[in-house]
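Dear colleague,

I am passing on to you the structure we spoke of, and below it you will find an account of what came out of the analysis. Please read the account with the model open beside it.

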2 protein chains.
Amino acid sequence: MRYCRIAEGFGLIDDDVIRLLDRSPLEGGRPDGLVVPLAAAKLLPPVIPPVFYAVGLNYRSHVEHALARGYPAATSPERPEVGYRANNALTGHLSPIVRPAGVHGRFEAEPEVVAVIGRTIRNASRGEAQASVFGWTIGNDVSAREWQNSDRTFWRSKNSDTFKPMGPWIETDVDPLAQTTTCRVDGEVRAEFATGAMIFDPFDFIVETTKYITMHPGDVLWMGADATVQLEPGNVVDIEISGIGVLSNPVQEES
Amino acid sequence: MRYCRIAEGFGLIDDDVIRLLDRSPLEGGRPDGLVVPLAAAKLLPPVIPPVFYAVGLNYRSHVEHALARGYPAATSPERPEVGYRANNALTGHLSPIVRPAGVHGRFEAEPEVVAVIGRTIRNASRGEAQASVFGWTIGNDVSAREWQNSDRTFWRSKNSDTFKPMGPWIETDVDPLAQTTTCRVDGEVRAEFATGAMIFDPFDFIVETTKYITMHPGDVLWMGADATVQLEPGNVVDIEISGIGVLSNPVQEES
């Protein structure tokens, strides 16, 4: 099943139409009879999370790449330790990524698979962690590297408005660890990697995180990227994860 | 005006009663006629923020204290750069702070004043920043220092369940920069400081943050602490900010 969100509410995608739901699919929403053509709909981030979890370095070659770029903190993680992003930065499929006026140099996409939590969980076993995931979507962890290096936190380097495209929808019937992630800029493949080649997988993170933290329905867990791709204003960046879909966003300069 | 939140919804505190509102005070909620005795009410965190902003080092003596403790990153900030906490950790007035089984050594309260944003703002002037704050509450940025030192992020050191008491209510008619913050453990004063002796004040943070980030109604901005206070299971920790109130929480060991 594919669930999306539009201005009118949550929806179930059925071929070329969206069947609107009476409430969130995370609360058991059912079609209420209203139908909207998919092609005419503006897709919003499929969920606004209570907590927006994000994994940093989680693919071996990303760690090596970061070390080679001179980030001394970029050692391979020994444990699944999660970080955070902020909801203000979320934007939907086809909405612009706006590069702030003060950003120069490396301004990069990070293509990520995203777990959407469907249950309230604490002290989850691996089986409970697997059962707790409602579905999967795609995230682009857009990053302004000069700010990432100069600032004490990731506040503007990773959380400026529009820096977190997420979508286009939540796919419930896919094994994310058996997929391929492809990142294209203006139609040209710039990166391709095995989505599942993670150091720690989503269930490792959920097991470890819930030793201390209750996760809730709607929480999202962005799983990190195995590649970064430079973006320039005027580009269109597509992230495809097989079995889920394509998240596409134009890049604009701040006006 | 003092606004709170209880299981039944948002409320306006009027002497010893809570007048329930028809919706959030941030959405212009009005009393709906229902009244609950304040003494009988379990106060919840007065708001669940879309984004939970938190300032790190923001008082000179906290910076000096952290440097003396051997945190090399604890240099005085040159710019107002905000960080984040997570909603799972929020808990209300009189609810327990639970020290996880694995926590030893320094387990500390950080008494903080909290700005509650009332408007959607971007590129705020200082005057707009001042006008954007709906009111003020109290936060306790409970921190497990061994984890803060050992981990890559603040995920469990500052965001374990119950580590972020907030309340007891939102006070709209107070100048937070003219107040005194007092932290008591079992009734004994352990720290007292001028709430307004900040390196950067809340409006500095809102002006700087909104250059890149849209802040929304209900967002909270925790302003940092000028002192840390050791907590042990069995303690009751009170944080009083004059003109706002007292946030009180018992400390328990994880069972």
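**The interface between the chains**

Between chain A and chain B the count of salt bridges is six. One that can be named joins A:D151 to B:R79, where the closest N and O atoms are 3.4 Å apart. Please bear in mind throughout that this is a predicted model, and that every value here is computed from it.

Polar contacts were also searched for across the interface of chain A and chain B, and the rule finds 20 residue pairs, both partners being at pLDDT 80 or more. As for the extent of the interface, 35 residues of chain A are in contact with 35 residues of chain B, and the two chains bury about 2,800 Å² between them, with 50% of that area on carbon and sulfur atoms. On the side of chain A, the residues that lose the most area to chain B are A:R152, A:W155 and A:Y212, which together account for 29% of what that side buries.

**How the two copies are related**

Chain A is superposed on chain B by a rotation of 180° with 0.0 Å of shift along its axis, the RMSD being 0.0 Å. That is the relation of a two-fold axis. The same surface serves both copies, since 100% of the contact residues of chain A recur in chain B.

**Enclosed and open spaces**

A search of the whole structure for cavities of 30 Å³ or more finds one. The largest cavity has a volume of about 120 Å³ and is lined by 15 residues, of which A:P50, A:F52, A:R85, B:F52 and B:R85 lie nearest its centre. By class, the lining of this largest cavity divides into 11 nonpolar, two polar and two charged residues.

The lining of the second largest pocket comprises four nonpolar, four polar and two charged residues.

With best regards

Technical notes. Residues are numbered from 1 along each chain as its sequence is written. Chains are lettered from A and ligands numbered from 1 in the order in which they are written. This is a predicted model: local features need pLDDT of at least 70, side-chain atom pairs count only at pLDDT 80 or more; totals for chains, interfaces and linings use all residues. Side-chain values use heavy atoms; hydrogens and water are left out. Copies are superposed by least squares on the C-alpha atoms of residues with pLDDT of at least 70 in both. Contact means heavy atoms within 4.5 Å. On a 1 Å grid over the protein atoms alone, a cavity is a set of points where a 1.4 Å probe fits but cannot get out, and a pocket is an open set with protein on both sides within 12 Å along at least five of seven lines; lining residues have an atom within 4 Å of a point. Grid points are joined across faces, edges and corners, and a volume is the space filled by probe spheres set on the points. Ala, Val, Leu, Ile, Met, Phe, Trp, Tyr, Cys and Pro count as nonpolar, Asp, Glu, Lys and Arg as charged, and the others, Gly among them, as polar. Buried area is the accessible area (1.4 Å probe) that two parts lose on being put together, summed over both. A salt bridge is a side-chain nitrogen of Lys or Arg within 4 Å of a carboxyl oxygen of Asp or Glu. A polar contact is a pair of N or O atoms within 3.5 Å; within protein, one must be able to donate a hydrogen and the other to accept it, and residues adjacent in sequence count only if both atoms are side-chain atoms.
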